[in-house]
Amino acid sequence: MADASADGDGDAYDPMKDPDHRPRKSNDPGWNYGYWLKPGNPNIVVCNLCGKVTSGGIKRHKEHLAGTGGDTTGCLKVSTQIRREMFEYLEKNRRNIGQPDDDDDVVEVDAAAAPTTQCSMTRQRPGTAAKKNKKAFAVKMSGKKCQSVATKSIIDMLRKKPEDVVDERRSGHSQSTMESSTKTPEERHYVCMQWALFFYECGIPFNVASSRQFQIAIEASCQYGSGYKPPSPYELREPLLRD
């Protein structure tokens, strides 16, 4: 009897092993940690790690695992390795504009069949604010080549202003960015130490760290990226003071 009971426990139903609860042909790594709540409904995905149910397909599930996505709650049981894996996969697909996620809702427009001179492009269905903003990116045909008419990258178009980022953070309604969520405590400690040494060396009052403008300056520097050249004493004294 004991052996029969053990066998019964071993045969317990696992939706992760049920082929009806996931696409039959998909290499998306998100399916290693989730499954469809109902067979055939790709919009609702269950996290196999924490049980969180997300609406929005496999991409929203990957954002849940990566701890990003704005209105998506991050998984509390995901490992650092899995979080980094999902973050890198999402970033790769963001850079490869023409290669959407396996299960993202897209509409293909064929230039050969269209009556206008627009080239083939991929458009996401309306949904979140981020998806709506992406529709602002347009392309047009010049001979047989597609040329971008956008003056900024999609990441730049979707990025919030430093003032908005800081205001959300100070109000308690902000969420970690994809990049910051992959940083280790040691990496953050190193950056904090550089700021601490700056404060100590220049005799700056510690309460300056809680200044809104100080935080905006840091966020603006981060958005600028590596290689930012700080203002010179002359710039601080003359042109910037006038501005």
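Pro23 sits in the loop between α1 and β1, where helices and strands are DSSP runs (H or I over at least four residues for helices, E over at least two for strands), numbered from the N terminus. With a relative accessible area of 14%, Pro23 is buried; buried here stands for under 20% relative accessible area, exposed for over 50%, and partly exposed for anything in between, using a 1.4 Å probe and protein chains only. Pro23 and Gly40 are 17 residues apart in sequence, yet their C-alpha atoms are 8.4 Å apart in space. All of this comes from a predicted model, in which local features need pLDDT of at least 70, side-chain atom pairs count only at pLDDT 80 or more, and totals for chains, interfaces and linings use all residues. Residues are numbered from 1 along each chain as its sequence is written, and side-chain values use heavy atoms, with hydrogens and water left out.

His21 is found in that loop too, between α1 (2-10) and β1 (34-36). His21 is buried, at 10% relative accessible area. Its side chain makes a polar contact with the side chain of Tyr13, at 3.1 Å. (A polar contact is a pair of N or O atoms within 3.5 Å; within protein, one must be able to donate a hydrogen and the other to accept it, and residues adjacent in sequence count only if both atoms are side-chain atoms.) Setting aside neighbours within four places in sequence, His21 is in contact (heavy atoms within 4.5 Å) with Tyr13, Pro15, Tyr35, Trp36, Leu37 and Pro39.

On to the sheet. Three strands form an open sheet in the order β1-β2-β3, with antiparallel pairing; two strands pair if DSSP finds at least two bridges between them. β1 and β3 (53-55) stand at the edges with a single partner strand each, so one side of each has no neighbour in the sheet. Neighbouring strands are turned by 30° against each other on average, direction ignored. Strand β2 (residues 44-47) runs antiparallel to β1 and is joined to it by 3 bridges. Gly34, for instance, has Cys47 as its bridge partner in β2. Helix α2 (residues 57-66) packs on this sheet, touching β1, β2 and β3, and its direction makes about 30° with that of β2. For such angles, axes are lines fitted to C-alpha atoms, for helices over the stretch in contact, and the angles run from 0 to 180 degrees between N-to-C directions.

A salt bridge is a side-chain nitrogen of Lys or Arg within 4 Å of a carboxyl oxygen of Asp or Glu, and the structure holds 7 of them. Lys62 pairs with Asp28, the closest N and O atoms being 2.8 Å apart.

What about helix α8? At the start of α8, a side-chain oxygen of Ser211 comes to within 3.3 Å of the backbone nitrogen of Gln213. Just after the helix, Gly225 takes a positive phi of about 100°. The buried residues of α8 are Phe214, Gln215, Ile216 and Glu219, and they pack against α6 (162-171) and α7 (185-202).

Glu219, buried at 16% relative accessibility, forms a salt bridge with Arg169, with the closest N and O atoms 3.3 Å apart. Glu219 lies in α8 and Arg169 in α6, so the pair ties together parts that are 50 residues apart in sequence. Arg169 is partly exposed, with a relative accessible area of 41%. Another salt bridge brings together the side chains of Glu168 and Lys160, at 2.8 Å from N to O. Here Glu168 is partly exposed at 28%, and Lys160 is partly exposed at 43%.

As for the overall picture, the protein has 10 helices and 7 strands. Buried residues make up 25% of its 243 residues. Of the contacts with a separation of 6 or more, 39% involve residues 24 or more positions apart.
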